[in-house]
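Colleague: I am new to this structure and would like to learn how to read it. Could you take me through a few features?

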Amino acid sequence: MIGRILAEVEHGPVTLKKLSRKLKVEQGALEQMLRYMVRKGLIRELHPECRPKGCRGCPYQGKCQDMPVIGYEVVKKP
Amino acid sequence: MTGKRAITVALAGNPNSGKTSLYNALTGARQSVGNWPGVTVEKKEGRFIYQGHEVTVVDLPGTYALDAYTLDERVAREYLVAEKPDAVVAVVDASNLERNLYLVAQLLELGATVVVALNMVDIAQSRGIEIDTAQLEKVLGVKVVTTVASMGVGIETLKRVVHDIQRAPPPPGLTISYGRDIEAGIEQLVGPIVAAWPGRSSQARWLALKLLEGDPEAVARLGDDEQAARVRETLAVVRARLERRLDLDIETAVVERRYGFLNGVAHECTRHRADLLRRISLTDRIDSVVTNRWVGIPIFLLLMWGTFQLVFRVGAPLSGLIERLFGWLGSVISSGLALVQAPAWLASLLVEGIIGGVGSVLVFVPNIVILFAVIALLEESGYMARAAFVMDRFMHLLGLHGKSFIPMIIGFGCNVPAIMATRTLESRKDRILTVLVNPLMSCSARLPIYILFAGVFFSRHRGLVVFSLYLLGMVLAVLVARLFKWVFFKSESAPLIMEMPPYHLPTLRSILVHMWERAWLFVRKAGTIIALTSVVIWLLASLPWGVEYASEASVIGRLGSLLAPLLRPAGFGYWWVAVSLAAGVVAKEIVIGTMGAIHGAGPGGLADVLRQSFTPLSAYAFMVMSLVYIPCVATIAAIRRETNWKWALLSVGYTLALGWLLAVVIFQVGSLVT
């Protein structure tokens with residue numbers, strides 16, 4: 001399953017929902033697998049981040065953590 | 001009490017599986033709260049009486065698995081291994097069966113006597129999920145009781161099953177096959193483990209598996225005696241053999257097999273009602289269009305175009321009001337100062353310098369507020385995540401890192417946090433690349449320039465013209481990134497899996513808060529940096545004393561005249577344009593503020609000056625130059641902070657050269673055509 005996830009992702013960016021349908025895995029279970037893969041260093045979580053320093057005067061000041069895009073990025077192959 | 005044997009039951013389950021509701025439904029008010037030994041994790045114990053037996057219910061921390069990665073997992077596992085409760089009620093969220101079964105499988109592998117409480121069956125049914133409980137019982141070899149704990153459904157049955165299970169023969173347990181190689185390893189280890197760990201033969205297979213996975217707590221559990229040493233020797237041999245034979249590391253191979261098995265169980269025991277499945281959610285329906293491979297990008301571009309139409313159509317009348325307000329303020333101050341016979345320089349400073357400079361920028365507040373209201377609407381509705389996704393696909397096609405588009409979207413607001421957001425990129429090369437091209441994304445500070453020039457020279461198509469500039473910024477960012485990647489870095493882009501938040505209707509309050517924050521920041525900037533720069537510009541335009549204000553003979557006129565010839569090929573070789581562009585490096589809004597201060601005019605008067613000096617072609621060339629040339633000082637500082645001086649200077653150099661080159665090409669080629 002983990003190998004299939006990595007193989008699917010190699011074809012380009014994919015949403016969690018589409019990946020779940022393609023692999024015929026419940027989305028919750030897929031998320032759990034992704035958590036395991038994060039722990040193993042196969043993928044990493046993506047959280048838009050910014051530091052308070054340097055954001056002065058910006059309309060997004062202090063709000064970067066609320067940016068809706070969260071995802072995972074493949075780090076290396078097993 | 002009746003004197004009958006007390007029963008201890010542990011309650012295990014994933015977070016959000018309804019475990020707490022079930023615990024409360026089972027124990028009612030008979031609860032006590034403490035801590036697990038040695039840790040600050042809360043331990044809850046409750047009791048109920050069934051047919052004269054006192055049943056103690058121990059609520060284990062909510063976990064997804066029984067590995068040793070989190071404190072909660074360690075606490076739960078330690079209790080199960082050391083205390084061996086009479087039964088474990090595994091609370092399973094029926095609407096997320098496959099995920100929840102992972103913990104159940106681990107409980108069974110541990111040798112626990114498990115009863116599955118298939119909870120939240122009502123939610124599962126509403127989603128069209130039907131679970132064949134008889135089949136689930138058969139496959140897992142456990143009793144399954146359906147419950148809706150929040151409504152007390154199934155609680156009495158669960159109590160009875162938990163009570164009766166004490167008298168039933170021990171369950172067969174669950175044996176997942178991990179493949180020939182791993183199974184051979186387990187078999188080789190079980191013998192020495194049983195010898196080293198007498199009285200725990202039911203947990204020997206589990207311990208063998210954990211040892212193979214490299215679980216540090218399992219290794220520590222072995223102890224230090226001679227028998228343990230034998231287990232360690234065997235383990236080293238088996239691990240070395242498996243590492244040679246398996247494609248994956250041992251733990252991943254075990255996890256992979258377990259997930260595969262549970263995927264099969266879930267498919268075997270779950271039926272999806274076709275009629276309910278056809279009822280695709282609204283989010284799915286919208287996503288099928290906006291994230292579509294072919295129409296996703298055109299929809300994104302259409303939304304951008306619509307945004308700028310709105311910025312002009314709704315913003316123009318409001319800007320007109322502010323413009324009249326500043327015109328009135330200027331004449332009131334002029335007349336007032338004339339009445340009190342104030343010195344001429346004071347009137348010039350206040351009216352031409354400050355009101356001309358600050359007023360010509362503040363007039364664009366409505367447009368900027370509207371732009372940010374639309375961005376907030378798109379962001380809070382969940383659309384921006386989709387925009388990032390469709391652009392991600394596009395970026396990948398160009399061989400760039402898809403995630404780079406996320407900082408670029410932030411760049412529409414301000415380049416500084418966008419550059420900070422590149423920290424999410426793991427590769428230093430990708431990070432530098434994205435930092436370098438980020439200033440090409442048109443930030444909101446450039447908007448006053450576009451609004452003024454597009455309004456004066458392209459009044460019928462002003463929205464389209466501004467849209468073209470934003471688009472040009474994105475296209476240039478992609479092309480420059482491609483070029484820099486080819487010249488400086490050659491790395492592979494990492495693939496992505498993205499989560500999409502569900503769509504929701506943003507609240508009016510959140511939009512208003514966003515608009516207010518943006519408006520306030522803009523006004524504050526106008527009252528500080530822009531006002532200060534206007535005073536400096538006024539001073540330079542008035543020196544040496546006695547010179548005609550803002551003439552070529554003034555200090556600023558002489559400085560501008562040195563630079564102006566460089567801008568002549570682009571069609572705007574005027575000294576005051578050169579000075580405005582140079583001042584714009586402090587902050588892009590200052591370009592218009594400087595023009596206003598030099599000409600001592602608000603936007604209305606400035607429009608007349610522009611009409612006399614620019615043509616539509618040179619105006620467009622000027623807007624392109626403003627989009628591309630040198631980032632503002634705050635952005636340069638952010639680039640230096642995130643990279644080093646070398647890259648910061650490169651970004652200054654290449655944007656200046658590119659901006660100038662594009663402006664010249666647009667003007668010269670355009671002059672040939674028109």
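Colleague: Among contacts in chain A between residues at least 6 apart in sequence, what share joins residues at least 24 apart?

Modeller: Two residues are in contact if their C-beta atoms, placed from the backbone, lie within 7 Å. In chain A, 49% of the contacts between residues at least 6 apart in sequence join residues at least 24 apart. This is a predicted model, in which local features need pLDDT of at least 70, side-chain atom pairs count only at pLDDT 80 or more, and totals for chains, interfaces and linings use all residues. Residues are numbered from 1 along each chain as its sequence is written, and chains are lettered from A and ligands numbered from 1 in the order in which they are written.

Colleague: Why does A:Val38 count as partly exposed?

Modeller: A residue is buried if 20 or more other C-beta atoms lie within 10 Å of its own, exposed if 12 or fewer, and partly exposed in between, with C-beta atoms placed from the backbone. A:Val38 has 15 C-beta neighbours inside 10 Å, so A:Val38 counts as partly exposed. A:Val38 belongs to helix 3 (residues 27-39) of chain A; helices (H or I, at least four residues) and strands (E, at least two) are DSSP runs, numbered from the N terminus. Leaving aside neighbours within four places in sequence, A:Val38 touches A:Ile43, A:Arg44, A:Glu45 and A:Tyr72.

Colleague: Which way do the residues of strand 8 of chain B point?

Modeller: In a regular strand the side chains alternate between the two faces of the sheet. In strand 8 (residues 143-146) of chain B, B:Lys143 and B:Val145 point one way, B:Val144 and B:Thr146 the other way, and all are buried. Strand 8 of chain B pairs with strand 6 (residues 114-119) of chain B in the parallel sense over four bridges; strands pair if DSSP finds at least two bridges between them. B:Leu118 stands opposite B:Thr146.

Colleague: What are the scores of the model?

Modeller: The model scores ipTM 0.76 and pTM 0.60.
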